[in-house]
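Please read them with the structure open.

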Amino acid sequence: MNLSDAINAVNRVRDIINSHNTWRRRETINLIPSENVMSPLAEYFYINDMMGRYAEGTIGNRYYQGVKYVDEMEAYLVDLMSKLFHASYVDVRPISGTVANMAAYLTLAKGGKIAAVPRQCGGHISHDEVGAPGALGLKVIHLPCDEENFSINVDLAAKVIREEKPQLVILGASLYLFPHPVKELAQVAHENGAYLMHDSAHVLGLIAGGQFPNSLNEGADLMTSSTHKTFPGPQGGVIFTNNESIFKNIQRSVFPQLTSNYHLHRYASTAITAIEMMAFGEAYAYQIRLNARKLAEELSKYGIPVVAEARGFTETHQVVFDASKFGGGAKVAQLLEDGGIIVNKNMLPWDRSAVKPSGIRMGVQEMTRVGMGTQEMAEIASFMKAMLIDGKEPSTIRDKVKEFKAQYTEVKYGFKLSDVGIKCDCLPLNY
Ligand SMILES: Cc1ncc(COP(=O)(O)O)c(C=O)c1O
């Protein structure tokens with residue numbers, strides 16, 4: 001490639017990224033519940049030399065040289081996460097929630113059987129036989145869903161555990177409106193020789209802010225998570241436990257079995273996010289709960305069939321509605337995206353096909369993080385009503401959404417560079 005072609009190619013990359021940044025950060029309302037934005041300070045520390053280094057092994061016991069500051073950074077991050085989540089042992093090396101789950105499977109159920117929440121009841125693909133457990137040769141049995149309450153049926157689940165005798169029971173979900181019965185099922189699991197793990201990926205930020213139960217306090221042997229959903233850090237994974245012997249085996253599963261590099265550069269930003277959650281997490285998580293409830297109430301008022309009304313709609317960041325009468329989840333998700341509102345299509349407990357999900361799943365964590373409150377939730381609901389109930393063309397709503405979103409350009413509940421005396425106009429994202 002000659003130099004001029006190479007420069008053109010580079011410009012193409014720049015254009016794509018600039019377009020994406022502007023569209024997703026400035027022009028649209030993001031309601032995808034598994035995403036978030038880091039604070040400017042966390043973004044500032046995301047680019048560092050550790051992004052190109054290796055540190056196979058554990059703190060103080062590495063297979064690589066040149067890692068004295070990696071050791072210090074990882075140890076400090078472990079200390080912060082351990083304090084924030086009241087866990088004796090933390091492994092921050094898994095590079096994603098899925099890898100954290102795989103480490104749990106290798107440690108607690110190798111080659112055996114696990115019991116998990118089925119996908120139409122909110123379970124994640126990394127709990128499903130078509131995903132990681134199947135790849136590791138595990139058999140997956142399902143915990144019966146309580147469709148009405150958007151949870152797990154405790155009595156039927158206990159029966160399944162007693163009869164099937166899985167090695168590991170997994171609670172926690174991707175569509176997650178109310179806490180799962182960890183306490184009840186941990187007892188049943190333990191009586192039947194099984195471990196119980198809670199996948200906290202979606203609710204980690206709510207746990208940090210004291211707005212969702214910490215499953216380790218309720219009898220879970222292990223808590224796995226991503227670090228980038230309601231916990232607004234960089235993409236990554238983490239595992240918590242209070243059991244030393246489980247932890248030692250987890251460490252061996254993470255390395256050498258599942259990873260070699262741990263994407264070390266994310267440690268600094270994860271640490272900044274943990275500090276922010278210690279300082280602002282309670283207010284952030286509290287506002288998320290208020291906002292989710294408000295969004296659900298407003299949508300419901302307009303005749304949009306938000307699920308779980310009888311239980312108060314939601315106790316997390318998520319709001320879910322049945323989009324069947326508007327043409328189904330896929331159609332509605334595209335229509336809303338055309339109008340500048342980004343949501344997920346999702347299976348509902350009564351769906352039988354993953355290809356044609358009837359639900360829409362939303363989360364308010366990112367919009368809460370950029371300073372939106374209950375009034376703004378009402379505004380978002382009215383944009384959605386205009387498209388879904390009044391039949392307005394999405395193209396006529398898009399500019400209104402853009403104008404509205406332009407008012408929310410700063411991350412709340414996090415640090416700016418100036419808060420710690422860093423002077424630099426160097427962040428490409430600038431919210
Ligand atoms: C409940 C649950 N667990 C695990 C994951 C996977 O996390 P990651 O994308 O970090 O691998 C997700 C992703 O959305 C999830 O919802």
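1. Which residue is the bridge partner of Asp322 in β16? The partner of Asp322 is Gly359. β13 and β16 pair in the antiparallel sense, over five bridges. Two strands count as paired if DSSP finds at least two bridges between them. Strands (E, at least two residues) and helices (H or I, at least four) are DSSP runs, numbered from the N terminus.

2. On the basis of the model: this is a predicted model, in which local features need pLDDT of at least 70 and side-chain atom pairs count only at pLDDT 80 or more, while totals for chains, interfaces and linings use all residues. Residues are numbered from 1 along each chain as its sequence is written, and side-chain values use heavy atoms, with hydrogens and water left out.

3. The strands of point 1 belong to an open sheet of three strands, in the order β13-β16-β15, with antiparallel pairing. β13 (318-322) and β15 (344-346) are the edges; each has a single partner strand, so one side of each is left without a neighbour in the sheet. The twist from one strand to the next averages 30 degrees. Angles run from 0 to 180 degrees between N-to-C directions, with axes as lines fitted to C-alpha atoms, for helices over the stretch in contact.

4. β15 is joined to β16 (residues 359-363) by three bridges, and the two run antiparallel. Here Asn344 stands opposite Arg361 in β16.

5. Is β16 enclosed or open? Five of the five residues of β16 are buried, so the strand is largely enclosed by the rest of the structure. Buried means under 20% relative accessible area, exposed over 50%, and partly exposed in between (1.4 Å probe, protein chains only). In a regular strand the side chains alternate between the two faces of the sheet. Both faces of β16 are covered: Ile360 and Met362 are buried on one side, and Gly359, Arg361 and Gly363 on the other.

6. Helix α10 (residues 266-301) lies across β13 and β16, at about 20 degrees to β13. Helix α11 (residues 329-338) lies across β13, β15 and β16, at about 45 degrees to β16. Contact means heavy atoms within 4.5 Å.

7. There is also an open sheet of seven strands with mixed pairing, in the order β4-β12-β11-β10-β9-β5-β6. Its edge strands, β4 (89-91) and β6 (139-142), each pair on one side only. Within this sheet, β5 (residues 113-116) and β9 (residues 168-171) run parallel and are joined by two bridges. Ala115 stands opposite Val169 in β9. Helix α9 (residues 244-258) packs on the sheet and touches β4, β10 (195-199), β11 (222-226) and β12 (237-241); its direction makes about 10 degrees with that of β4.

8. Around the ligand there are 14 residues, of which Gly97, Thr98, Ser174, Asp199 and Lys229 come nearest; a residue is near if one of its heavy atoms lies within 4 Å. A backbone N or O atom of Gly97 is 2.8 Å from a ligand oxygen atom. A polar side-chain atom of Asp199 lies 2.6 Å from a nitrogen atom of the ligand. The protein buries 85% of the 390 Å² that the ligand exposes when taken alone, by the Shrake-Rupley method with a 1.4 Å probe.

Methods:
Polar contact = N/O pair within 3.5 Å; in protein donor to acceptor, adjacent residues only side chain to side chain.
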